Amino acid sequence: MGVGEPQARDPHANDAQPYSGGDPYADYRGGDFSFTGLVDLADRRLGGSVIAANDEFFAQRENLLRPEPAHFDPEAFGHKGKVMDGWETRRRRGTGADDPHPGADDHDWALIRLGAPGIIRGVIVDTAHFRGNYPQQVAIEAAHVEGAPTPEQLLADDVTWVEIVPRSQVRGHAANGFTVDAERRFTHLRLRQFPDGGIARIRVHGVVVPDPTWLAALGTIDLAALENGGAVEDASDRFYSSPENMILPDRSRKMDDGWENRRRRDRGNDWVRLRLAEQGEVRAIEIDTAYYKGNAAGWVAISGCDAAVSDPADAHAWFPLLARVPLQPDTVHRFHLGERRAVTHVRLDVFPDGGIARLRLYGSLTTHGEKALVDRWSALTADDFAS
């Protein structure tokens with residue numbers, strides 16, 4: 001189901017069946033959406049936050065951004081009713097006994113600050129476990145407002161909100177995906193649900209667009225970090241956990257907070273290819289195997305490529321940054337690089353397999369890289385939506 005689908009004649013056509021026991025996800029209606037391979041710009045681990053909502057009577061708004069799938073406990077009840085892992089508002093009513101039903105435009109709303117502002121390619125509105133109490137429709141708007149605006153400032157008349165998901169029908173206990181076609185940098189979302197109900201999670205997939213003036217002020221940055229615009233382009237294996245975890249902020253706190261692949265049963269090795277924030281020179285590398293004790297990578301090597309002068313698809317375009325070195329379990333490893341060359345892409349090879357918690361590539365943008373970021377920023381914010 002996607003954007004613009006007409007409303008079903010039966011208002012209960014999109015309900016899920018009541019929970020009947022067993023695995024609560026057994027009848028969950030998922031979906032295959034191409035944009036879910038991109039980073040979640042609203043990820044709480046990147047600093048995303050639900051900063052306000054008009055109502056959160058049954059379940060708090062902060063649940064919308066929890067990174068794990070929504071949990072369902074059929075026996076959990078509180079003094080307000082069923083305990084749900086999501087954002088759930090009370091039932092709306094009309095104006096009186098003669099008009100008991102909510103109006104056509106009555107709705108609840110939540111304001112979301114993206115942890116990593118950028119271009120939004122798609123949104124998942126997940127109604128997991130909301131089977132007969134999900135909203136009938138949702139709509140999503142986005143705005144570009146720099147700094148740390150308050151909810152009152154975001155809702156002021158001088159802020160322009162751009163509709164990125166028009167009012168559309170959703171299904172209960174399902175992943176509702178919406179492709180977004182807006183080539184702009186956004187910092188905040190306004191999620192509307194008509195007329196009321198519950199949403200378990202929202203995922204905002206896209207491409208990070210960092211502020212070039214901030215990166216320039218910092219000087220030395222982690223060129224691979226998600227929050228700075230780094231991204232995983234490809235990987236040999238994602239069996240246990242995502243390689244994107246390696247470039248999240250902060251330290252890993254448990255084993256599934258890094259990248260762990262399967263045990264190899266051939267003579268090859270596992271690898272990840274990353275695109276850096278922009279062209280830069282790497283001066284130091286940090287590889288952390290925290291919480292990988294009997295399953296850490298045995299050895300690692302790192303190579304680089306400069307897409308400004310060579311095609312990353314050409315194997316001969318790659319050159320060594322860090323020769324193959326052994327790794328210790330549950331340890332931070334730091335390496336100083338002697339030769340410094342401009343790179344836009346990096347490949348991490350682990351031998352033969354095993355886990356990496358975090359990868360940091362410390363360095364600075366080149367003059368070419370700085371200009372490319374500034375040009376991109378200018379193109380995506382030329383008609384700034386905020387006054």
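Gly122 counts as buried, at 0% relative accessibility, where buried stands for under 20% relative accessible area, exposed for over 50% and partly exposed for what lies in between, computed with a 1.4 Å probe on protein chains only. The model is a predicted one, in which local features need pLDDT of at least 70 and side-chain atom pairs count only at pLDDT 80 or more, while totals for chains, interfaces and linings use all residues. Residues are numbered from 1 along each chain as its sequence is written, and side-chain values use heavy atoms, with hydrogens and water left out.

Gly122 is found in strand S6, strands being DSSP runs of E with at least two residues, numbered from the N terminus. Leaving aside neighbours within four places in sequence, Gly122 is in contact (heavy atoms within 4.5 Å) with Phe35, Phe178, Thr179, Val180, Arg203, Val204 and His205. The C-alpha atoms of Gly122 and Ala317, by contrast, are separated by 33 Å, these two residues being 195 apart along the chain.

Beyond its neighbours within four places in sequence, Val204 is in contact with Val39, Asp40, Leu41 and Ala42, with Leu114, Ile120, Gly122 and Val123, and with Leu189.

Rolling a probe the size of a water molecule over the atoms shows where empty space is left. On a 1 Å grid over the protein atoms alone, a pocket is an open set of points where a 1.4 Å probe fits, with protein on both sides within 12 Å along at least five of seven lines, and its lining residues have an atom within 4 Å of a point. The largest pocket holds about 980 Å³ of space, a volume being the space filled by probe spheres set on the grid points, which are joined across faces, edges and corners. Of the 33 residues in its lining, Asp40, Asp43, Arg45, Pro67 and Arg203 are the closest to the centre of this pocket. Strand S1 (39-40), strand S6 (108-126) and strand S12 (201-208) each supply at least two residues of the lining, and S12 gives the most, with three residues. By class, the lining of the largest pocket comprises 13 nonpolar, six polar and 14 charged residues, where Ala, Val, Leu, Ile, Met, Phe, Trp, Tyr, Cys and Pro count as nonpolar, Asp, Glu, Lys and Arg as charged, and the others, Gly among them, as polar.

The second largest pocket holds about 630 Å³, and of its 28 lining residues Arg91, Gly132, Tyr134, Pro195 and Asp196 lie nearest its centre. Its lining has nine nonpolar, ten polar and nine charged residues.

Strand S15 (residues 270-288) pairs in the antiparallel sense with strand S14 (residues 231-235) over four bridges, Ala231 standing opposite Arg275 in S15. Eight bridges pair S15 with S19, also in the antiparallel sense, and Val272 stands opposite Leu348 in S19.

His345 lies in strand S19 (residues 342-351) and is buried, with a relative accessible area of 7%. Its side chain makes polar contacts (pairs of N or O atoms within 3.5 Å; within protein, one must be able to donate a hydrogen and the other to accept it, and residues adjacent in sequence count only if both atoms are side-chain atoms) with the side chain of Glu233 at 3.4 Å and with that of Thr344 at 2.8 Å.

Notes
Pairing = 2+ DSSP bridges.
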